[in-house]
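Biologist: I am new to reading charged pairs in a model. Can you walk me through some?

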Amino acid sequence: MMKNTLKVVLLTSMLPFAASAAEGLTPWYVGGGLGINDYEQNCDNALTCGDDDPYAWDVFGGYLFNEYIGIELGYRDLGNADWTGNDNRKYDVAASGVSVGIVGFYPLADKWSLSSEVGTYSYILENDQKFNGVNLSDSGVALFLGAGVGYNFTDNLKLQAKYRRYENMDADVLNNLKMESNYWGLALSYRFGTAAAAPVAAAPVVAAVAAAPGDADKDGVTNNIDKCPDTPMTHKVDATGCTVYENVTTKYDLGGILFANDSAEIRAGSFADLEKLADHLTKYPQHTVSIEGHASNVGKAAYNMKLSERRAIAVANSLNTKYGINSTRISSMGYGVTKPVMQGSSAEANRVNRRIEAIVTGTEKRPVMR
């Protein structure tokens, strides 16, 4: 007499699976089992106890919290039992239902593992014999305990042998069946996902590292192909280990050269500044210079524009003829009174506005930093 409505069973069967869990495996699994079940029915009021139909089966699914514990839900059919009562009538009962439980496992060497489970079994007990023209049935909740041993054929597939003990499966409606049950069976489980690839053996890796060429200047290019073995660690390097350069364009204002009123003649005292400009252009032959002429706000604007142009040309010619700077590197432009450094027509404003400004443009080759 038994009713089996399987609820959530923590199946030990899945424990080994958790133990063999790899990075790519999911915590979910499914499975099924076959076995035999022995009811220990109370035959005190029976004339004879019949032979059980012992064949039992179950299906289940579970979730592993970690490699040692999980939860499982399943459906179980525990087969049926029959007996003859003192009234010479035949009685029978079958149990089926849902199990829910917690399963734990302990992995052993060589893919073997031990497991245990505990949970509840929500069962239905039904009989085939009719009483007063109807079939009787009853339901309840029993406790079960289990233990097992499993073997993982692969990271996903595991076979487990297990034992379960069910307590207090009673049929109150029949008022004559109080029993426990013992189950022995095999379960096959499948865990979803794909295990991560096995790591490369340590010995070959060590050998490969030992054989690899060194990198003396720590620039990321090994010594056997490094054409610039002393590259600073702060420099970005190319595939051959040599510094990567970039061209950077900058402008420098090398100061002003002042002129007398209404004059485009370079003063003797200004040649020191002009020589400084020439020295810079000689040191950096890739640089060019733009000579900008300016005038004070005295007189007509058109005249001052022409005057500022003559001043710029005078300085440009001096750079070329006196200091040997190639004319292709020199340009000149007059701005008249349009760019004063001091507003107004005071003596000081007029003095500082009658000037030449040299704007040097240089493209320099600089290392690219990491």
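**Reading the salt bridges**

Modeller: Start with a pair in this predicted model. E348 and R351 form a salt bridge, with their closest N and O atoms 2.8 Å apart. The general idea: side chains of opposite charge can pair when their charged atoms come close.

Biologist: Where do E348 and R351 lie?

Modeller: Both sit in helix α5, three residues apart, about one turn of the helix. E348 is partly exposed, at 37% relative accessible area. R351 is partly exposed too, at 39%.

Biologist: Which residues do salt bridges with shared partners join into one network?

Modeller: R76, E117 and R164. Take R164 and E117: their side chains meet at 3.0 Å, N to O. R164 is in strand β9 and E117 in strand β7, so this pair ties together parts 47 residues apart in sequence.

Biologist: And how does R76 come in?

Modeller: R76 forms a salt bridge with E117, the closest N and O atoms being 3.6 Å apart. R76 belongs to strand β5, so its pairing with E117 in strand β7 links parts 41 residues apart in sequence.

Biologist: Is E117 buried or exposed?

Modeller: Buried means under 20% relative accessible area. E117 has 4%, so it is buried. R164, at 1%, counts as buried as well. R76 is also buried.

Biologist: How many salt bridges does the structure hold?

Modeller: Five.

Biologist: What does the side chain of N353 reach?

Modeller: The backbone nitrogen of V341, at 2.8 Å. N353 is in helix α5. At 2% relative accessibility, N353 counts as buried. Its contacts include H294, S296 and M342.

Methods: Residues numbered from 1 in each chain as written. Predicted model: local features only at pLDDT ≥ 70, side-chain atom pairs only at ≥ 80, totals over all residues. Heavy atoms only, no water. Helix = DSSP H or I, 4+ residues; strand = E, 2+ residues; numbered from the N terminus. Buried < 20%, exposed > 50% of the residue type's maximum accessible area, 1.4 Å probe, protein only. Polar contact = N/O pair within 3.5 Å; in protein donor to acceptor, adjacent residues only side chain to side chain. Contact = heavy atoms within 4.5 Å. Salt bridge = Lys/Arg side-chain N within 4 Å of Asp/Glu carboxyl O. Lists of a residue's contacts leave out its neighbours within four places in sequence.
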